[in-house]
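Please keep the sequence and the model at hand while reading.

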Amino acid sequence: MRTRPRVPWRRERWDTPDGDFLDVDFLDAESSEAPTLLVLHGLEGSSDSHYVRGAAAGARKRGWRTLALNYRSCSGEPNRNPKFYHCGETGDPGFVAGRILERFSGPLLLAGFSLGGNVLLKWLGECGEGVSPRIRGAACISPSLQPAACAKVLDSLPGYFYRWHLLSSVKEKAERFSKMHPGLIDIDEVRRTRTFHHFDRLVIAPLYGFRDELDYYEKADASPYLSEIQVKTLILAAEDDPIVPPHVFPHEQVAESEWLSGNLVKNGGHVGFVLGGNPRSPLFWAEERALEFLDDCLRA
């Protein structure tokens, strides 16, 4: 357990099949045969998110390579195509995982945080029994399962702080998007929105072909895919999570699956999981727990 340091990322830009690009940040390993850890960040995160840096630092200590995918619009530069990202969009992570398997010969490990946890679980479920045997393990921290329930919490009075911060960020991106791709979204209405339900109805639903935000939440949810996962996978969440309500934790699916392990702890917040009495030197344990789990998967 340790505080999260800065990471000396090396950035590469990968062209995507649809003519766009993804910015992927590297923290390389000494051995070409080393395991590779692919990290998926949360809503409005990036490779610089504290939990991504924490996972990368822990992986480096173990001699692993780390790649952090920056979702479209999250790398600091706007993408070419009229797309954002969302909690059920698995095409880009699947593309990056495939490139990793082609480029490196060692095993592949996966970690997803918050929105990235839901994305990772959904992608693994979509892969099912066809998943590459070189994908040895996955860990999901505070995954935003049942997006409709998460959006309801964010749009409630207790979710005001998180909603204000995250919604301000995506609305700024919508402004830039509207200038690059005029006419695709109602930017005047987006400026007036005060909830994620409204934003997702105005932006995510039309850009990705969903009927409305409720259709998006239903189809993006990883919960129905959990029973199809055939990779050793850890799901770690907290009862006091201010964004993901505890009732979405998949107790039954975990109990019924030989592939899933799960812990719903009492305290941890949202991708926080802090120990230590000194606020100036906090200890974060979720990333270390995830890495220990993935290490065990390699040894199995």
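## Basis of the report

The structure is a predicted model, in which local features need pLDDT of at least 70 and side-chain atom pairs count only at pLDDT 80 or more, while totals for chains, interfaces and linings use all residues. Residues are numbered from 1 along each chain as its sequence is written, and side-chain values use heavy atoms, with hydrogens and water left out.

## The sheet

Eight strands form an open sheet with mixed pairing, in the order β1-β2-β4-β3-β5-β6-β7-β8. Helices (H or I, at least four residues) and strands (E, at least two) are DSSP runs numbered from the N terminus, and two strands pair if DSSP finds at least two bridges between them. The edge strands, each pairing on one side only, are β1 (10–15) and β8 (260–265). On average, neighbouring strands of this sheet are turned by 20 degrees against each other, direction ignored. Angles in general run from 0 to 180 degrees between N-to-C directions, and axes are lines fitted to C-alpha atoms, for helices over the stretch in contact.

Strands β3 (residues 36–40) and β4 (residues 65–70) run parallel and are joined by five bridges. Within this pair, Val39 stands opposite Ala68 in β4. Helix α2 (residues 91–103) packs on the sheet and touches β1, β2 (21–27), β3, β4 and β5 (108–113); the direction of α2 makes about 110 degrees with that of β1. Helix α10 (residues 286–299) also packs on the sheet, touching β3, β5, β6 (135–141), β7 (233–238) and β8. The direction of α10 makes about 160 degrees with that of β6.

## Helices α7 and α8

The axes of α7 (residues 196–208) and α8 (residues 213–220) come within 8 Å and cross at roughly 85 degrees. That makes α7 roughly perpendicular to α8, a term for angles of 65 to 115 degrees.

In contact (heavy atoms within 4.5 Å), Phe196, His197, Asp200, Arg201, Ile204 and Ala205 of α7 meet Glu213, Leu214, Tyr216 and Tyr217 of α8. These residues divide into six nonpolar, one polar and three charged. Ala, Val, Leu, Ile, Met, Phe, Trp, Tyr, Cys and Pro count as nonpolar, Asp, Glu, Lys and Arg as charged, and the others, Gly among them, as polar.

## Pocket and cavities

On a 1 Å grid over the protein atoms alone, a cavity is a set of points where a 1.4 Å probe fits but cannot get out, a pocket is an open set with protein on both sides within 12 Å along at least five of seven lines, and lining residues have an atom within 4 Å of a point. Grid points are joined across faces, edges and corners, and a volume is the space filled by probe spheres set on the points.

The largest pocket has a volume of about 720 Å³. Of its 34 lining residues, Gly42, Leu43, Glu44, Ser114 and Leu166 are the closest to its centre. Helix α5 gives the most to this lining, with six residues. The structure also holds two cavities of 30 Å³ or more; the second largest cavity has about 60 Å³ of space, and its lining divides into 12 nonpolar, no polar and one charged.

Definitions and conventions
Angles under 35 degrees count as roughly parallel, over 145 as roughly antiparallel, 65 to 115 as roughly perpendicular and the rest as oblique.
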